[in-house]
Amino acid sequence: MKGSRENGAAPVRFAHGSEAEFARILDFYGIRWEYEPRSFPLRWDGRGRVTESFNPDFYLPDLNLYIELTTLKQSLVTRKNRKIRRLRELYPDVHFKIFYGRDYRQLLLKYGLRPAGVPTHAEGPASR
Amino acid sequence: MTDPGGDIREILLTREQIDDRVGELATAIARDYADRSPLLVSVLKGAVYFLTDLTRRLAIPVEIDFMAITTYGSARAQSGVVRLIKDLDVEITGRHVLLVEDIIDTGLTAGYLLRLLQARSPASLQICTLLDRPYRRILDTLEIAYRGFEIPDRFVVGYGLDYREQYRHLPFIGVLRDEILSDAVAHPRAPER
């Protein structure tokens, strides 16, 4: 799925429709963004090679903020939550936010839209 | 007035709670803006009820003005960026401006409005919001000078807040039943909040 990008750069190919929609929302309100600009190594093997990493979906340079959209099934969200905890341990100075399926759905409801392909009920941590 | 359609799952803020808090906000604003005659700017349509009640409780002279902008959903098919539907009637250069909002969620709308207003060189520019729902805040740097209530991560309606143009007239702020939201369909004319 292609989307536009600031400064006349080449269109971005998004992995999921929710990411394209989120990018359009940011564009709408004049917020600059970059798509998956950086990979954060999370684990290494004995030889120092990266065995696990995390690529946040968006970086908002004017806000110095990374955003991850997660509209996955609960089983996959659990795995991603584990990676995010690791990310926060290793990179405490990185500003990072995660939008779960519920957050994304509420965001679109605010605009009177129905998110395509997003489960109806909450997927965030039970403690929210 | 109650909820005639039974669409409200829970009343989050009663009319009395809102009245009391609006009075407290008015007292704080009157104190801070004494002798400055602020211009209260509000965005149609969601904040109209709040602005009306707030100004009636203010003990200092104020002026009011309104703006209207397209929201993402309403303008998605027509334009890729926010459009100003109605601009202010007065010049704000050198004025003390207080932006009055019904709710701040991601902060994207408020951030846009602040940039727009700041470019016109007001003497000061601050935000007053009745509701602050910070869970999905993207613009963390947004400074809120006057905050009515911080509310939980629920979809709320009433006291000016709508869902697809309904429920604005309710005198309280309530949580909409999940079934109403589950019935949501893509709609070409999204609500202006």
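A: Here is a walk through that contact and its surroundings.

This is a predicted model, where local features need pLDDT of at least 70, side-chain atom pairs count only at pLDDT 80 or more, and totals for chains, interfaces and linings use all residues. Residues are numbered from 1 along each chain as its sequence is written, chains are lettered from A and ligands numbered from 1 in the order in which they are written, and side-chain values use heavy atoms, with hydrogens and water left out.

Start with Asp153(B). It forms a salt bridge with Arg102(A), and the closest N and O atoms are 3.5 Å apart. (A salt bridge is a side-chain nitrogen of Lys or Arg within 4 Å of a carboxyl oxygen of Asp or Glu.) Asp153(B) sits in the loop between strands S7 (146-150) and S8 of chain B, while Arg102(A) belongs to helix H3 (residues 101-110) of chain A, so the pair joins two chains. Helices (H or I, at least four residues) and strands (E, at least two) are DSSP runs, numbered from the N terminus.

Now the surroundings. Asp153(B) is buried, at 10% relative accessible area. Arg102(A) is partly exposed, at 24%. Buried means under 20% relative accessible area, exposed over 50%, and partly exposed in between (1.4 Å probe, protein chains only).

The pair also belongs to a network. Salt bridges link Arg102(A), Asp103(A), Arg136(B) and Asp153(B). Over all chains, the structure holds 27 salt bridges.

Last, the predictor's scores. The complex has an ipTM of 0.81 and a pTM of 0.84.
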